[in-house]
Amino acid sequence: NIVNLIAWAVSLETHPDKIHLAAGVTYNAAKMNIIDSNGFGLKWIFSGRCREGEYLDRDALFIQTKGGTKIVLIAGGAKENDAARIKGFSLGSVYISEINECHESFVKECQTRMLASGRPQFFMDLNPKPPRHWFYTEFLDPHTERQKANPGYGMNYMHVTLADNMSLSNEV
């Protein structure tokens, strides 16, 4: 997810919208995988230009960017009722870590929350699931088909396995 975090940070720097979302299966997973990420997360990428706090009773990271202050809300999405935590917010972009572990209603609500965005962007990482899992059939497969039909569609998808990890030795 480090590559995604860097890409998202670059996007946040000039994004026209103010409010964004960092989500994971749980709130703690979002904090660990996106905000901290073993020293590679948003709070480290924007070190000296961000602070943790609350925005409308939601935990958030406030980031000073070229385009002004960005507010990154932090939420968990494993349960069906987690979607209620983000209702009412218009989001510019979303990053969901382990998206296919989140509840389908939460993922769909994230998409809906970006309808008014000046530049809607969805960043995600996932772990393998069976090919008929809802995430593939309802989300990834349709976007993959749109990308095939229109190369300018705007989807960037990279499938990586453990064998692709250059930091692991062949023995590991």
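Contact here means heavy atoms within 4.5 Å, and axes are lines fitted to C-alpha atoms, for helices over the stretch in contact, with angles from 0 to 180 degrees between N-to-C directions. Helices (H or I, at least four residues) and strands (E, at least two) are DSSP runs, numbered from the N terminus. The model is predicted: local features need pLDDT of at least 70, side-chain atom pairs count only at pLDDT 80 or more, and totals for chains, interfaces and linings use all residues. Residues are numbered from 1 along each chain as its sequence is written, and side-chain values use heavy atoms, leaving out hydrogens and water.

An open sheet of 6 strands has the order S2-S3-S4-S1-S5-S6, with mixed pairing; two strands pair if DSSP finds at least two bridges between them. Strands S2 and S6 are at the edges with a single partner strand each, so one side of each has no neighbour in the sheet. From one strand to the next the twist averages 25 degrees. S1 and S4 pair in the parallel sense over 6 bridges, and His 20 stands opposite Val 72 in S4. Helix H4 lies across S1, S4, S5 and S6, at about 160 degrees to S5.

A nonpolar core is a set of buried Ala, Val, Leu, Ile, Met, Phe, Trp, Tyr and Cys residues joined through side-chain atoms within 4.5 Å, where buried means under 20% relative accessible area (1.4 Å probe, protein chains only).

| Core | Residues | Among its members |
|---|---|---|
| Largest | 26 residues | Leu 21, Leu 73, Phe 106 |
| Second, separate | 16 residues | Leu 5, Ala 30, Tyr 95 |

How values were computed. Buried means under 20% relative accessible area, exposed over 50%, partly exposed in between (1.4 Å probe, protein chains only).
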